[in-house]
Amino acid sequence: AGQCVSGVVAADERSGETFRVAARAVVNVAGPWVDEVLTGAAGDFRRLIGGTKGSHLVVDPFPGAPAQALYFEAKADHRPVLIIPWNGRYLIGSTDIRYDGDPDAARVDDAEIAYLLGETNSLIPAADLTAADVRYAYAGVRPLPWRPAGVEGNISRDHAVVRHGAPFRGLFSITGGKLTTYRALAEHAVNDVFRALGRRPGRCPTARVPLPGAAGIVLEPFKTRFVADSGLPERTAERLVDIYGRRAVEVPALAGRDPYLREPFAPNVGAIRAEIVFAFQQEFAATLEDVLLRRTMVGLEPDLGLSAVEAAAETARYCLGWSAGAAAAAVARYHTSVQRFRPEILRALERDPRAEEAAVGADGARLNATIEEQP
């Protein structure tokens, strides 16, 4: 409006509803999509983002695997590489390659797999890892500031708050930063917006506030008590504490005495159906991808949750009122979503479609039939 922004027009992708939000300041925190958001506005903007693709591999424990996180420099190009014990397996990464495509389309390519495996084998010859050992792989695009030339590793990872001028006064864009610095980035951005609006920033308490589930807990004593008192199998109870911390007590409380909610929906890890309901009701989950990949962590197992997605949809159907059609559509979307991880299980299915029952399990096949056949 005039010489400044007045808010945003947003669309709810689930309902299709479009709505307006009035604001004196708008912060563009779209990560690698920052320039895409700016392109959608009127006027010309200089390029801000020059993303690089970072890829990681997930493998099972291997001969010579380190007990602690291991950092080294790659022989081929001196890039930093990490081998990290993670979720009972090992995370190897990452690459750092200039990327100008759609961030949604970023995928790990064969050359990156060969590079990371080769560097690992060079450092730990006993590992003898091959592409067949990769359970899955994933890639993301770092929202780094645009630099037209130079070595990728020399591009700053520091975040910056870009304040736009007329005719878009009141618009701010964030470049750089990463997951491990998200809190400081948020504090910096909020303080800059306050100053731009002529207001004094308040004291930010978030550096001292524990994350949900972390307050007032000493992990091992709490876990021991919870395992003894929860009435759940030991494996399930320990897993709940590892994922939810103190909030673990809320999951069996939600289940109550209902045997259905206490039943595993992912027997391979001991995750129970009550976690599905908890994710939607208490953790703002909106999709099965949210539940499996970003809440319960079941989707980060070697089969990427494909053995559990049918049971998760069935639980949502019977406990949250989903229709059979909505459940089937959610399962289909999940299958499409995890293809970006290049999972071993999907490669096996491409070679032999008859492997599907073995891949997702007989119970998963039964649940799929249940969802499709019931009205």
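Modeller: Start with one rule. Angles between axes run from 0 to 180 degrees, taken between N-to-C directions. Keep in mind that this is a predicted model.

Colleague: What makes H9 and H10 roughly antiparallel?

Modeller: Take the angle. The axes of H9 and H10 (residues 324-337) cross at roughly 150° and come within 9 Å. An angle over 145 degrees counts as roughly antiparallel. H9 and H10 are therefore roughly antiparallel to each other. The crossing itself is right-handed.

Colleague: Which residues make that contact?

Modeller: From H9 come Val309, Glu310, Ala313 and Arg317. From H10 come Ala324, Ala327, Val331, Tyr334 and His335. Sorted by type, the contact of H9 with H10 has 6 nonpolar, 1 polar and 2 charged residues.

Colleague: At what angle do H7 and H9 cross?

Modeller: At roughly 65°. Helix H7 covers residues 274-282, and helix H9 covers residues 309-320. Their axes come within 9 Å. This crossing is right-handed.

Colleague: How do you know which residues of H7 and H9 meet?

Modeller: Contact means heavy atoms within 4.5 Å. In H7, Ile276, Val277, Phe280 and Gln281 meet residues of H9. Their partners in H9 are Ala312, Thr315, Cys319 and Leu320. The contact of H7 with H9 divides into 6 nonpolar, 2 polar and no charged residues.

Colleague: Why is the pair Asp60 and Arg135 called a salt bridge?

Modeller: Compare the distance with the cut-off. A side-chain nitrogen of Lys or Arg must lie within 4 Å of a carboxyl oxygen of Asp or Glu. For Asp60 and Arg135, N to O is 2.5 Å, so the pair is a salt bridge. By this rule the count comes to 18 salt bridges.

Colleague: Where in the chain do Asp60 and Arg135 lie?

Modeller: In distant parts, 75 residues apart. Asp60 is in the loop between strand E4 and strand E5, and Arg135 is in strand E9.

Colleague: What is the mean pLDDT of the chain?

Modeller: The mean is 89, and 90% of the residues reach 70 or more. Over residues 354-375, though, pLDDT stays under 50.

Definitions and conventions. Residues are numbered from 1 along each chain as its sequence is written. This is a predicted model: local features need pLDDT of at least 70, side-chain atom pairs count only at pLDDT 80 or more; totals for chains, interfaces and linings use all residues. Side-chain values use heavy atoms; hydrogens and water are left out. Helices (H or I, at least four residues) and strands (E, at least two) are DSSP runs, numbered from the N terminus. A crossing is left-handed if the near helix is turned anticlockwise from the far one by less than a right angle, and right-handed if clockwise. Ala, Val, Leu, Ile, Met, Phe, Trp, Tyr, Cys and Pro count as nonpolar, Asp, Glu, Lys and Arg as charged, and the others, Gly among them, as polar. Angles under 35 degrees count as roughly parallel, over 145 as roughly antiparallel, 65 to 115 as roughly perpendicular and the rest as oblique. pLDDT is the predictor's confidence in each residue, from 0 to 100.
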